[in-house]
Amino acid sequence: MTAIEFSKSVKSTLAHRAAYVCANPDCRCLTLSLVGDDAERVSYRGRAVAICGPEGGPRYLAGMSSNQRKAIDNAIFLCSKCAELTSRNKGAHYPAELLREWKEQHKRWVRANLNLRQEEPAPLRLVRAAALRIDGPATASVRIKQRG
Ligand SMILES: [Zn+2]
């Protein structure tokens, strides 16, 4: 049984999609951290873990081709601690269905919790812009345009 090795591009795309946050819902740690006070040094403990594992293991899926096994769809982004945890006993305690559910949950979590300003609805943006103007020193009054 050889572990599934993902390409560099799969690993980096997976990390970007997960926002460098571990996809285990009970963990969700950031896999990047500064080393001491040195702004140049960052430690990275993100791992691409195979959802369906190699032949002979409990997460092996017979109908899967070798290319499908190495594809990003078969990878989940975890921190090194969770990667080790889910791989113990060849992954027997963490079935593929559970890891798929974690990956799906994580996708929703990233959407719902990160980059909120970008997806802010227009009325909220107006209120925020108005609030910024109110806080500004030179503004006496601010009108918020009503919709409809
Ligand atoms: Zn983790």
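Me: What puts two residues in contact?

Reply: Two residues are in contact if their C-beta atoms, placed from the backbone, lie within 7 Å. Take Ala75. Beyond its neighbours within four places in sequence, Ala75 is in contact with Phe6, Val10, Leu14, Ala48, Val49, Ala50 and Ile51. The model is predicted: local features need pLDDT of at least 70, side-chain atom pairs count only at pLDDT 80 or more, and totals for chains, interfaces and linings use all residues. Residues are numbered from 1 along each chain as its sequence is written.

Me: Which residues touch the most other members of the largest nonpolar core?

Reply: A nonpolar core is a set of buried Ala, Val, Leu, Ile, Met, Phe, Trp, Tyr and Cys residues joined through C-beta atoms within 7 Å. Buried means 20 or more other C-beta atoms within 10 Å of a residue's own; exposed means 12 or fewer; partly exposed lies in between. Here the largest core has 20 residues, and Ala23, Ala75, Ile76, Phe77 and Leu78 touch the most other members. β3 (46-50), β4 (75-79) and α4 (96-113) each supply at least two of its residues. β4 gives the largest share, five residues.

Me: Which residues of α4 are buried, and which are exposed?

Reply: Helices (H or I, at least four residues) and strands (E, at least two) are DSSP runs, numbered from the N terminus. In α4, Leu99, Trp102, Lys103 and His106 are buried. Seen down the axis of α4, they fall within an arc of 100 degrees (directions from the axis to the C-beta atoms), so they line one face of the helix. Their cover includes β4 and α3 (80-87). On the other side, Glu97, Glu101, Glu104, Arg108, Arg111 and Ala112 are exposed.
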